[in-house]
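I set out to record, entry by entry, what I looked up in this structure. Each entry keeps to one topic.

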Amino acid sequence: MSDLKPRTLISVQERLRDQVAHALRAALISGELRPGVVYSAPALAADFGVSATPVREAMLDLAREGLVEAVRNKGFRVTELTERDLDEFTEIRALIEIPTVGRVARAATAEQLERLRPQAEAIVAAARKHDLIGYLEADRQFHLDLIGLAGNAHLVEVVGDLRKRSRLYGLNRLDQRGELVSSAEEHLELLDLMLSGDAEAAEACMARHLGHVRSLWAEGQADAVEERSALKLRSR
């Protein structure tokens with residue numbers, strides 16, 4: 001019996017940390033937490049109505065993903081990505097995901113591909129509900145499971161890490177403009193092309209999808225620069 005209580009406490013603490021991390025990711029996506037700004041754990045804890053400990057733990061999780069960086073005796077700074085970073089992320093994803101989609105289209109069974117349809121539909125459903133966190137989670141799972149059909153666990157790990165580091169800039173703006181659903185539907189288009197066995201068309205669709213992602217990042221960066229410039233002008 002003495003072993004049960006510590007495990008329960010750890011489980012509760014981990015769940016709280018995960019909930020805070022989830023909320024922080026939502027704030028990053030929505031732009032409430034801005035690149036370059038330092039946020040203290042106690043201040044964020046007050047906003048969430050929790051102690052500082054789970055916030056620090058959640059921030060450390062995000063730091064391992066490259067989303068924030070620790071600032072000694074101050075807190076955590078939201079990581080700023082340069083245009084070069086974004087170009088390199090897109091290049092790496094293209095080098096991995098485009099040919100892998102072609103390989104999977106040629107080798108996977110219809111049954112294996114159809115198992116991805118609920119995830120593709122979940123992406124569209126989340127877009128229609130303006131659920132950005134749900135969108136990102138379903139999108140990430142779809143792409144990782146798709147890459148996983150190639151049978152190379154290391155590819156999945158690399159793409160998963162890359163997607164964490166390159167959070168989808170501009171997603172909130174795309175939703176506000178009413179364009180998120182059409183972007184989400186590209187996943188169903190990709191899946192149908194793969195099911196038809198048209199590997200070349202599937203690769204072209206994947207390339208187009210990544211191009212749209214890069215465009216979103218560029219818009220997000222531009223918005224961030226404009227916002228920081230406006231803040232500087234107001235502070236003078």
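**Entry 1: Overall layout**

I read the elements of the protein chain from the N terminus on, and they run α-β-α-α-β-β-α-α-α-α-α-α-α-α. The secondary structure comes to 11 helices and three strands. Helices (H or I, at least four residues) and strands (E, at least two) are DSSP runs, numbered from the N terminus.

I noted the conventions before going further. The model is predicted, so that local features need pLDDT of at least 70 and side-chain atom pairs count only at pLDDT 80 or more, while totals for chains, interfaces and linings use all residues. Residues are numbered from 1 along each chain as its sequence is written, and side-chain values use heavy atoms, with hydrogens and water left out.

I then looked up the totals. Buried residues make up 41% of the 236 residues in the protein chain. Here buried means under 20% relative accessible area, exposed over 50%, and partly exposed in between (1.4 Å probe, protein chains only). The chain exposes about 12,700 Å², of which carbon and sulfur atoms supply 52%. Accessible areas come from the Shrake-Rupley method with a 1.4 Å probe, and for residues only the protein chains shown count as cover. Among contacts (heavy atoms within 4.5 Å) between residues at least 6 apart in sequence, 73% join residues at least 24 apart.

**Entry 2: The sheet**

I asked in what order the three strands of the open sheet lie. The order is S1-S3-S2, with antiparallel pairing. Strand S1 (38-39) and strand S2 (68-71) are the edge strands, since each pairs on one side only. Two strands pair if DSSP finds at least two bridges between them.

S1 pairs with strand S3 (residues 75-78) over two bridges. In S3, I found Arg-77 as the bridge partner of Val-38, and Phe-76 opposite Tyr-39. S2 and S3 are joined by four bridges, and Val-71 stands opposite Gly-75 in S3. The hairpin of S2 and S3 has three residues between the strands, and Asn-73 takes a positive phi near 65° there.

**Entry 3: The nonpolar cores**

I looked up the largest nonpolar core and found 32 residues in it. A nonpolar core is a set of buried Ala, Val, Leu, Ile, Met, Phe, Trp, Tyr and Cys residues joined through side-chain atoms within 4.5 Å. Tyr-135, Leu-146, Leu-190 and Met-194 have the most contacts inside this core. At least two residues of this core come from each of helix H4 (83-107), helix H6 (117-128), H7, helix H9 (171-176), helix H10 (180-195) and helix H11 (199-235). H7 gives the largest share, seven residues. Apart from this core lies another, of 19 residues, including Leu-24, Met-59, Leu-62 and Val-78.

Is Leu-146 buried or exposed? Leu-146 is buried, because its relative accessible area is 3%. Not counting residues up to four places away in sequence, Leu-146 touches Val-101, Val-104, Leu-116, Leu-190 and Met-194. Leu-116 is 30 residues from Leu-146 in sequence, and the two are 7.4 Å apart in space, C-alpha to C-alpha.

Asp-139 also has its place in helix H7. Asp-139 counts as buried because its relative accessibility is 6%. With the neighbours up to four places away left out, Asp-139 touches Ile-123, Arg-163, His-187 and His-209.

**Entry 4: Salt bridges**

I found 14 salt bridges in the structure. A salt bridge is a side-chain nitrogen of Lys or Arg within 4 Å of a carboxyl oxygen of Asp or Glu.

In one of them, Asp-61 is joined to Arg-17, the closest N and O atoms being 3.2 Å apart. This pair links distant parts of the chain, with Asp-61 in helix H3 (residues 52-64) and Arg-17 in helix H1 (residues 4-30), 44 residues apart. Asp-61 is buried at 14%, whereas Arg-17 is partly exposed at 22%. Arg-17, Asp-18, Asp-61 and Arg-64 are linked in a network of salt bridges.

Glu-88 forms a salt bridge with Arg-84, with 2.9 Å between the closest N and O atoms. Both lie in helix H4, four residues apart, about one turn of the helix. Glu-88 is partly exposed at 34%, and Arg-84 is exposed at 61%.
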